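Please examine the sequence and the structure shown below. The briefing that follows is grouped by topic.

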Amino acid sequence: MPSIRPLVLLAVLFGLSGVFAVTAPAYADDDPRVVRVGTEGVYPPFSYRDPDTNQLTGFDIEVMKAVGEEAGWDLRFVEAPFDSLFPALDSNRIDVIANQVTITGERKARYLFSTPYTYSHGVIVTAKDNDDITSLADLKGKTTAQTASSNWAQVAKDAGAKVQYVQDFGPGVQLVEQGRVDAIVNDNIAVLDYLATSGNDKVKIAGDAGHDVLEQALAFRKSDPQLQQEADDAIAALTKDGTLAKISEKYFGADVTVQGGSKDVDVKASDSRTRWQVVKDTAWPMFVGLVKGNIPLTIFSFLIGMVLAVAAALARLSSLRVLDWIARAYISVIRGTPLLVQLFIVFFGLPAIGLDFDPYPAAIVALSLNVGGYAAEVVRGSILSVPSGQYEAATVIGMDYWQSMRRIILPQAARIAVPPLGNTLLSLIKDSALASLVLVPELFREAQVTAAATTEYLPLYTMAALYFWVVCYLVSLAQGPLERRLSRYAT
Amino acid sequence: MTDLIEVHGLEKSFGPHHVLRGVDFAAPAGSVTVLLGPSGSGKTTILRSMNVLATPDAGVVRIGDSSIDFSRPPDRRAIKSLRARSGMVFQAHNLFPHKTVLGNLIEGPVQVQKRSPDEAAADARALLEQVGLSGREDAYPSQLSGGQQQRVGIARALALKPEVLLLDEPTSALDPELVGEVLAVIRDLAAENWTLVIVTHEVHFAQDVADQVLFLDEGVVAERGGAEVLTDPQEERTRRFLARMLDAG
């Protein structure tokens, strides 16, 4: 007999609570200190996945590894979009950012910086046939594409440009190419790498973004001066023994770790695979992301979400006013705010009040709450559609509230709720792609990572879409038999 | 011998509607009590007060050694105890549509009375035979005719082995040609000395089975007596009601 068994689901919920263990800062006296390094992984040649091995690599990664070895740290790399890196540092999910973070006055007020390990200058990228823009002054009134928290956004704004925000550098270049924005301001090294890798001849470097030399360094929390000191010592040693210069030569054909070095940068393509090869190579990592990320996220969130939905629905139907109000507020907040905001509040916001979830549990918490809020009204409507005579019949054979709910009302409500809840499940599968923003590796993240390194946006994103579609299609196939099974008693 | 059922001073209002205005009656074990009267006269509310589907505002209900004085808010255990004394047959049968016939019958015995499923199923099969539905154990209610559904409803109420069976217009929702089979089952129960309280409009049937007839009007017992009330009513309003019912029948 299929029936919703809230108690069983509740048990699953409590079983999971072990997963929600709070992460303590990883300090230890004798063992090498665990240092969590935040980096984009989609910013070649600084931080990206090697196309052949799918391992994290790049200039910043190698510098970071050298520093870690010198300082005796046990490094753990955490990949996240650039805009998530500083919140992750603030909320103690990472200890250092190694991602070409430019030292600015504003950032200096909030974070500690190591000795710079890259000196670069900004350039302006425009479409090939755009001759209007050759300097920062020409950006006035124009639109540029920038990542929100990068210093280049501020440079563009200061020049009077209107800024459109993008998730990372690659998509920004796409917008320029497509004529949706006029320009993009970025680090000359990153731009040269992009041009070499993509072979893109639709955009060009139109000019320098001012003459200031920019310094990029490792960023730490203000409360962590010891790490900063150890990093400085390590960088000094690595400069002295020529390690940094060697790493830089490997990537840029010049030593960008000293002032003025970035003028001579010569970037070779970091990837020369054919489009078909790229798609073939990425299919498996994307599948792994789907199986390890999206699918378990969906399953756990849906199960917990259903428990929440049933609880909220029963609270809405309760004669206790307080329960009704709490459930109403919950449903209203969930339905009235973007899932993205809910995810960020759970992951980046709650640590401020001591609720510190790891990425995976944080994603499950946010997605479960979201599903629960949406499904609650569906469940409530289904319960209300069960005739009141059914409650009475259950009552007169001696059942209490929970027995009649579990044995009589909910199984009948389930039949009515399955089609709309099927839609909720399909939405959830697709929404699970947002989990990458709170540092959970998943399918779409894999597509983004490879797309950044290879600029094969269309084939990779199409393949990501295909994966999602196949999963959703299989789920919708299963829905028919389930509906028939639940309805087999009806004529 | 003391009566099995005692109802005393029952009062109930739904908002401005004063539905019961001090109803008293008693019934010995093995007797058949028929509640009769125009719609809105409070018959069904009396039945529903006896198993606390409706909570009276005042009055006492006793079945066997369970009783509740409704002048105080009843506690849960008292309600449970009183409910366990009776079984109820609904006008609209209210069978559980997602359970088979057998599933409907053993639900209460197994889930509430914690009897073993095998034993409950054996009893259930005997009851199905009694109501003439042997072989339909595995059917779902939707696969049965209205008369068969109501006979399952009766068997489900009996499966709990109650002391009293309350029947709320058990044939009113049925097509006329199906009424007979249900009445035949109830007649058998009366013959087997079950204690029955029946709300019905079937006057001829009531004449056959009733040991006691209560004629209700506007929340009070307007006339009471044996089956002769139905053939020789003393009260004018009883007479008018019966004339109407017999015309319609």
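Strand β3 (residues 32-36) of chain B is mostly covered, with five of its five residues buried; a residue is buried if 20 or more other C-beta atoms lie within 10 Å of its own, exposed if 12 or fewer, and partly exposed in between, the C-beta atoms being placed from the backbone. The model is predicted: local features need pLDDT of at least 70 and side-chain atom pairs count only at pLDDT 80 or more, whereas totals for chains, interfaces and linings use all residues. Residues are numbered from 1 along each chain as its sequence is written, and chains are lettered from A and ligands numbered from 1 in the order in which they are written. Helices (H or I, at least four residues) and strands (E, at least two) are DSSP runs, numbered from the N terminus.

**Strand β3 of chain B**

- In a regular strand, side chains alternate between the two faces of the sheet.
- Both faces of β3(B) are covered: B:Val32, B:Val34 and B:Leu36 are buried on one side, and B:Thr33 and B:Leu35 are buried on the other.
- β3(B) runs parallel to strand β8 (residues 195-199) of chain B, to which four bridges join it; two strands pair if DSSP finds at least two bridges between them.
- Four bridges also join β3(B) to strand β9 (residues 212-217) of chain B, again in parallel.
- B:Leu35 stands opposite B:Val199 in β8(B) and opposite B:Leu214 in β9(B).

**Open sheet of chain B**

- Four strands of chain B form an open sheet in the order β2-β1-β4-β5, with antiparallel pairing.
- Its edge strands are β2 (17-27) and β5 (66-69) of chain B, each of which pairs on one side only.
- From one strand to the next, the twist averages 15°.
- Strand β1 (residues 5-14) of chain B pairs with β2(B) over eight bridges in the antiparallel sense.
- B:Val7 has B:Phe25 as its bridge partner in β2(B).
- Helix α2(B) lies across β4 (58-63) and β5 of chain B and runs at about 130° to β5(B); axes are lines fitted to C-alpha atoms, for helices over the stretch in contact, and angles run from 0 to 180 degrees between N-to-C directions.

**Helix packing in chain B**

- Helix α3 (residues 101-112) and helix α4 (residues 117-130) of chain B pack at an angle of about 125°, with their axes 9 Å apart.
- α3(B) and α4(B) are therefore oblique to each other; angles under 35 degrees count as roughly parallel, over 145 as roughly antiparallel, 65 to 115 as roughly perpendicular and the rest as oblique.
- The contact draws on B:Val101, B:Leu102, B:Leu105, B:Ile106, B:Pro109 and B:Val110 of α3(B), and on B:Pro117, B:Ala120, B:Ala121, B:Ala124, B:Leu127 and B:Leu128 of α4(B); two residues are in contact if their C-beta atoms, placed from the backbone, lie within 7 Å.
- By class, the residues of this contact are twelve nonpolar, no polar and no charged; Ala, Val, Leu, Ile, Met, Phe, Trp, Tyr, Cys and Pro count as nonpolar, Asp, Glu, Lys and Arg as charged, and the others, Gly among them, as polar.

- Chain A contains 17 helices and 14 strands, and its C-alpha trace spans about 90 × 55 × 40 Å along its principal axes.
- Of the 491 residues of chain A, 48% count as buried.
- Among contacts in chain A between residues at least 6 apart in sequence, 75% join residues at least 24 apart.
- Helix α2 (residues 59-71) and helix α8 (residues 225-240) of chain A pack at about 105°, their axes lying 9 Å apart.
- α2(A) and α8(A) are therefore roughly perpendicular to each other.
- This contact is made by A:Ala66, A:Val67, A:Glu70 and A:Ala71 of α2(A) with residues of α8(A) including A:Glu230, A:Ala234 and A:Leu238.
- The contact of α2(A) with α8(A) comprises eight nonpolar, no polar and two charged residues.

- 17 residues of chain A are in contact with 19 residues of chain B.
- On the side of chain A that touches chain B, α14 and α15 of chain A each supply at least two residues, and α14(A) gives the most, with six residues.
- That side of chain A has eight nonpolar, seven polar and two charged residues.
- The buried residues of α14(A) (residues 388-396) are A:Ala393, A:Ala394, A:Thr395 and A:Val396.
- Their cover includes α15 (401-431) of chain A, together with α2 (76-83) and β6 (86-89) of chain B.
- Just after α14(A), A:Gly398 takes a positive phi of about 100°.
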